[in-house]
Amino acid sequence: MYTIIFMNKDDVTSRPKSLSLPKIMLVLFVLLIVLMPIGAFVYGWQYFQSADLNQSKKEFQKLTIESGKKDGRIDELIQETVDLKTEYEKVAAEKAQAEARVSIAENSRAKVLEKMEELEEEIFGLRGQLAMYEGFFQPNKEKLPVQCFNINVSQSANKLWYGVSFLKANKNDKDLAKLRVEFHVRTGSRALSLEDEELPQSDRVRNIQFKNSYRMKGSMALKRKKTKGGLRMFEIRAYNEKDELMSYCWKSF
């Protein structure tokens, strides 16, 4: 048994008060006084920790949901990327095939044009030769007074060599024919786009005279070198003293 005495220090005359407590009660009272603040602190700490934990849990759940949505969006983006890559590869393959077809078509077109130019040149020359021989062997009222035929044309470097024969259409004509012969060299990629080459005046015009027939040979300087491809035509025109056309012929070379 323990006795606790309570004295009033301000009034020494008053009788002190005492409290008798068993040992176990005193121990419990002391423990209550000591442990109560600790318990209150622990309780408060657990309470607030539980509130923070619940809030953190809610935020975690919210973040988990958002993360799941983002993961789903990422999966969608990955699938879209795969689809776009597949589509790009398909378009790239189709583009490559189209470019190959265009290249083949362009090459074929170039070869066809080249062949057409060759055939056009050949036809152009054949028609000229046919017209010349038809006019020579089948004379008519519209033919020119002097026929030119047997044309030879060749080029080496920048020099052109030529030869041409003149013959009066009227065999009974014994008058002296005085002619001014003019030469033209025409060049182009095709028959419809021929252009005159520049020739020296001394080589471009020659004066001749004859009674029945005449064979002319000569050469002239050309500024354009001999090249492959395209069409070149050597043209001959003969005029009398009145500037009337007396003879005309040409040959491709």
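Student: What is the mean pLDDT of the protein, and how much of the protein reaches 70 or more?

Tutor: The mean pLDDT of this predicted model is 79, and 78% of its residues reach 70 or more. Where pLDDT is low, the predicted coordinates should not be read in detail.

Student: Which residues have a pLDDT that stays under 50?

Tutor: Residues 135–141 do, and for this stretch the model has 7 contacts beyond four places in sequence. A contact here means heavy atoms within 4.5 Å.

Student: What makes S4 and S8 a pair of strands?

Tutor: Two strands pair if at least two bridges are found between them, and strand S4 (residues 159–168) is joined to S8 over 9 bridges in the antiparallel sense, so the two count as paired. As one instance, Tyr162 has Gly218 in S8 as its bridge partner.

Student: Why are S3 and S8 said to stand at the edges of their sheet?

Tutor: The sheet is an open one of 3 strands in the order S3-S4-S8, with antiparallel pairing. Strand S3 (146–156) and strand S8 (213–221) each have a single partner strand, so one side of each is left without a neighbour in the sheet. Neighbouring strands of this sheet are turned by 15 degrees against each other on average, direction ignored.

Student: What lines the second largest pocket, and which residues are the closest to its centre?

Tutor: About 230 Å³ of space lies in this second largest pocket. Of its 16 lining residues, Pro145, Lys168, Asp173, Ala177 and Met246 are the closest to the centre. By class, the lining has 8 nonpolar, 2 polar and 6 charged residues, while strand S5 (residues 177–188) gives the most to the lining, with 3 residues.

Conventions: Residues numbered from 1 in each chain as written. Predicted model: local features only at pLDDT ≥ 70, side-chain atom pairs only at ≥ 80, totals over all residues. Heavy atoms only, no water. 1 Å grid on protein atoms, 1.4 Å probe; cavity = no way out; pocket = protein on both sides within 12 Å on 5 of 7 lines; lining within 4 Å. Points joined across faces, edges and corners; volume = space filled by probe spheres on them. Helix = DSSP H or I, 4+ residues; strand = E, 2+ residues; numbered from the N terminus. Nonpolar A, V, L, I, M, F, W, Y, C, P; charged D, E, K, R; others polar. Axes fitted to C-alpha atoms, helices over the stretch in contact; angles between N-to-C directions. pLDDT = per-residue confidence, 0-100.
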